[in-house]
Amino acid sequence: MPGEDSMIESDSLPALLFFETPEQIYARVFRALCLRVRISDLLAGAPAPVTEALAFILLGKLYRKPVPRMYAHRYRLYLNRRDIRHKAELVRQIRGRKFVSGPAGQHHNLEEIFERLNAQHFDGLMGRPQLGWSRRPARGMLGHFDPSHNAIVISRIFDQPAVPPLALEYVVFHEMLHLRFPVNHSGVRRRVHTREFREAEKQFPRFQEAKEMLKRL
Ligand SMILES: [Zn+2]
């Protein structure tokens, strides 16, 4: 084939071609055409068992075959781990600059809110973690509790006079519940919001109203 196929090996025939079975040829061409890009994008540096699991998932999709549970499970575990690392990194980035200014924002003070909620809902017994505002007014992550740094980070989007205090209080309360109810690692899934967590969350006064407010931010 003339030109254009740098994606495969070169413009000459691969040396081993005549020693391959048809299955091997298909497998090799398939790898070259379809998987190269996806794998490098998604999983650069992933351990071999994870790459294997992804191959089952991608090929299963292509041929409309169910993915064996074992591989789906393995891949999910890996993504969870990546997810954790990603979040930890975000918080680290945010912390570097943000905690210089501490819990006091322009319009709201996280320490005051924390202590008010602490008295109302935790008998004042919850130890105060580091409290800070995100550097940017993020909409994607309204709040975050980072156990490794014992820090609650609240999106700066809430530090505006137009934001109802109830919405901000609810987000701080939610993150405080993450201190109260640690992540459940039993079983396949990491349960961040356990049943106990959800029950406790409903104790927040005007819970539904607060949730609605967050949708309209
Ligand atoms: Zn949460």
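Tutor: Happy to! Helices here are DSSP runs of H or I with at least four residues, and they are numbered from the N terminus. Please keep in mind that this is a predicted model.

Let's begin at the metal. The zinc ion is coordinated through the NE2 atoms of His-174, His-178 and His-193, at 2.0 to 2.1 Å. Along the sequence, these donor residues follow the spacing H-x3-H-x14-H. His-174 belongs to helix 5 (residues 165-180), whereas His-193 sits in the loop between helix 5 and helix 6, so this pair ties together parts that are 19 residues apart in sequence. Their surroundings can be compared with the cut-offs, since buried means under 20% relative accessible area and partly exposed lies between that and 50%. His-174 has 13% and therefore counts as buried, while His-193 has 34% and therefore counts as partly exposed.

Now for the backbone. Arg-206 is in the loop that runs between helix 6 (195-201) and helix 7 (207-215).

A positive phi of about 55 degrees also turns up at Asp-123, again a residue other than glycine. Its loop runs between helix 4 (110-121) and strand 1 (130-133). With a relative accessibility of 67%, Asp-123 is classed as exposed.

Conventions. Residues numbered from 1 in each chain as written. Predicted model: local features only at pLDDT ≥ 70, side-chain atom pairs only at ≥ 80, totals over all residues. Heavy atoms only, no water. Helix = DSSP H or I, 4+ residues; strand = E, 2+ residues; numbered from the N terminus. Buried < 20%, exposed > 50% of the residue type's maximum accessible area, 1.4 Å probe, protein only. Donors = N, O, S within 2.8 Å, 3.2 Å for Na, K, Ca; no water.
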